[in-house]
Amino acid sequence: MSADAVNTGSRTTRLLGAAVLIGVLALILLGFFGAPEDDEQRDAVRMIFVHLPSAFGIYAAMATTAVGSVMWLWKRSRWWDIVAHSSAEIGVIFCGLTLFTGSVWGRPTWNTYWDWGDVRLVTTLILFLMLVGYLALRSAGGDENAMATRAAVVGLLAAVNVPIINRSVEWWSNRTLHQKSSLTDGNLEDLTLFTLFVGIVVWALFFVWAMIHRFRIGWLEHQLRDIDLETALIQRRAEAATESSGEESR
Amino acid sequence: MTGELTPRAPRPLRSRKAPWVALVIALAVVVAVAALIVNLVEGSLYFYNADEAVEERSDIGDRRFTLQGSPIGCSIVEGFSGDEPVVAFSLSFGGASVDVVHHGDPAELFQADVPVVLDGAWVAQPPVVEGFTGIANDGWHFSSDRMRVKHDNDYINDDEYDERLTLSDAGADSTEVVCEA
């Protein structure tokens with residue numbers, strides 16, 4: 001197999017990757033030197049430029065996993081199964097990043113890294129654990145179709161959690177330290193809003209870039225399994241032919 | 001006979017991690033998720049707003065609970081109880097006010113009109129902190145030992161937002177309780 005055959009990059013992904021790098025640079029400059037500090041939170045507010053886009057990344061990843069899972073259950077399409085799996089892996093990264101940045105942001109603003117009574121924190125942690133469980137299930141081995149079906153069910157259950165996380169600040173206003181939606185109900189200065197928008201775009205581009213690469217890896221693994229099976233059959237036929245010719249010669 | 005395909009002992013095509021490891025992880029995740037959901041569903045109300053806490057004071061008794069309200073600026077007094085730093089203040093929510101003595105340093109963002117979430121319990125006696133005269137002044141105070149700040153979703157800079165100053169001057173952003181001179 002040539003080197004090109006296992007390369008998951010393409011002109012599109014290279015352009016996307018370059019756009020992500022430029023976007024991250026722009027986000028750093030805008031986040032640290034462009035957007036003003038907040039009158040209450042001061043510089044700690046700058047964490048929003050990573051935290052909120054990461055949370056949006058979870059929504060995008062989980063929506064993709066949900067669609068992929070439904071399509072697998074409906075059409076039994078391996079293509080969609082790999083889409084669901086790839087997106088869930090990226091979702092774990094976004095979810096972990098959201099929890100981490102939220103925790104770091106929480107210390108100077110809320111005066112705590114974590115609060116077990118906070119419904120949004122706990123539901124986000126539940127989603128993170130469900131995604132870890134999803135990936136554990138994926139690596140458990142066994143029949144590929146059965147594994148994909150089990151994973152699709154877990155993926156859909158995890159996706160149900162997303163609207164709960166999103167609406168939790170409205171549904172349980174007495175059970176959260178979180179402020180209400182910053183984008184729809186909040187009051188953001190123009191440059192803060194613009195920087196946040198840049199962050200969301202950069203994270204979206206990263207999601208697409210990572211999805212393409214991870215999907216191609218998944219697809220190559222799928223093809224490799226087919227090749228392994230065909231190779232094993234050819235080898236077995238060859239062995240059987242050798243054995244029978246040996247018996248005839250005796 | 002060249003088509004001999006009698007099944008034989010399977011040969012692993014590729015090395016895989018032991019499936020039981022993944023299954024144990026999956027099981028642990030299921031248990032953890034279930035425990036967290038039970039914690040959320042059966043856990044007591046996360047916090048009482050000041051008006052709810054005052055209304056249900058007799059039911060709450062001396063058990064620990066979490067209280068939420070906005071500190072009233074002119075009431076905040078920092079001092080010491082022995083060697084321990086304390087901050088005394090009154091907070092309000094929903095038209096009710098509560099006198100609070102917080103033991104320990106206040107949160108970094110603790111300030112007037114920015115809601116706080118406090119862990120502690122009712123104490124059936126007035127607060128005794130030098131220089132502090134509570135606004136509630138009802139013979140009770142809330143003794144707190146953990147403070148969190150519940151900031152809002154306004155991300156603005158008062159140097160650049162004159163309208164916020166105007167709003168503040170007009171009292172639109174502050175509590176309705178007025179401190180006596």
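**Confidence**

The model as a whole comes with an ipTM of 0.73 and a pTM of 0.80. For chain B the average pLDDT is 79, and 72% of the residues reach at least 70. One stretch to treat with care is residues 171–176 of chain B, where the pLDDT falls below 50; this stretch still has 10 contacts in the model beyond near neighbours in sequence. Where pLDDT is low, the predicted coordinates should not be read in detail.

**Chain A**

Chain A is built from six helices and one strand. Read from the N terminus, its elements follow the order α-α-α-α-α-β-α. The radius of gyration of chain A is 23 Å, whereas a compact globule of 250 residues would come near 18 Å. The spans of its C-alpha trace along the principal axes are about 95 × 40 × 30 Å. Buried residues account for 41% of the 250 residues of chain A. Of the contacts in chain A between residues at least 6 apart in sequence, 77% link residues at least 24 apart.

For a closer look, take A:Ile93, which sits in helix α3 (residues 78–109) of chain A. Is A:Ile93 buried or partly exposed? A:Ile93 counts as partly exposed because it has 17 C-beta neighbours inside 10 Å, while 20 or more would be needed for a buried residue. A:Ser54 lies 39 residues away from A:Ile93 along the chain, and 8.8 Å separates their C-alpha atoms.

**Chain B**

Turning to chain B, we find four helices and eight strands. Its order from the N terminus is α-β-α-α-β-β-β-β-β-β-β-α. Of the 181 residues in chain B, 31% are buried. Contacts in chain B between residues at least 6 apart in sequence join residues at least 24 apart in 61% of cases.

| Strands | Sense | Bridges |
|---|---|---|
| β2 (residues 65–71) of chain B and β6 (residues 116–123) of chain B | antiparallel | five bridges |
| β6(B) and β7(B) | antiparallel | eight bridges |
| β1 (residues 187–188) of chain A and β8(B) | parallel | two bridges |

Strand β6(B) pairs with β2(B) and also with β7(B).

**Where the chains meet**

How many residues of chain B are in contact with chain A? There are 45 of them, and they touch 51 residues of chain A. On the chain B side, α1 (19–42), β7 (141–149) and β8 (154–155) each bring at least two residues. Helix α1(B) gives the most to this side, with 13 residues. Sorted by class, the side of chain B that touches chain A holds 26 nonpolar, eight polar and 11 charged residues.

Strand pairing also crosses between the chains. β1 of chain A runs parallel to β8(B), with two bridges between them, and A:Leu188 stands opposite B:Tyr155 in β8(B). Strand β7(B), which is paired with β6(B), is also among the elements that supply residues to the side touching chain A.

Key:
Residues numbered from 1 in each chain as written. Chains lettered and ligands numbered in written order. Predicted model: local features only at pLDDT ≥ 70, side-chain atom pairs only at ≥ 80, totals over all residues. Buried ≥ 20, exposed ≤ 12 C-beta atoms within 10 Å, placed from the backbone. Contact = placed C-beta atoms within 7 Å. pLDDT = per-residue confidence, 0-100. Nonpolar A, V, L, I, M, F, W, Y, C, P; charged D, E, K, R; others polar. Pairing = 2+ DSSP bridges. Rg over C-alpha atoms; globule rule 2.2 N^0.38 Å.
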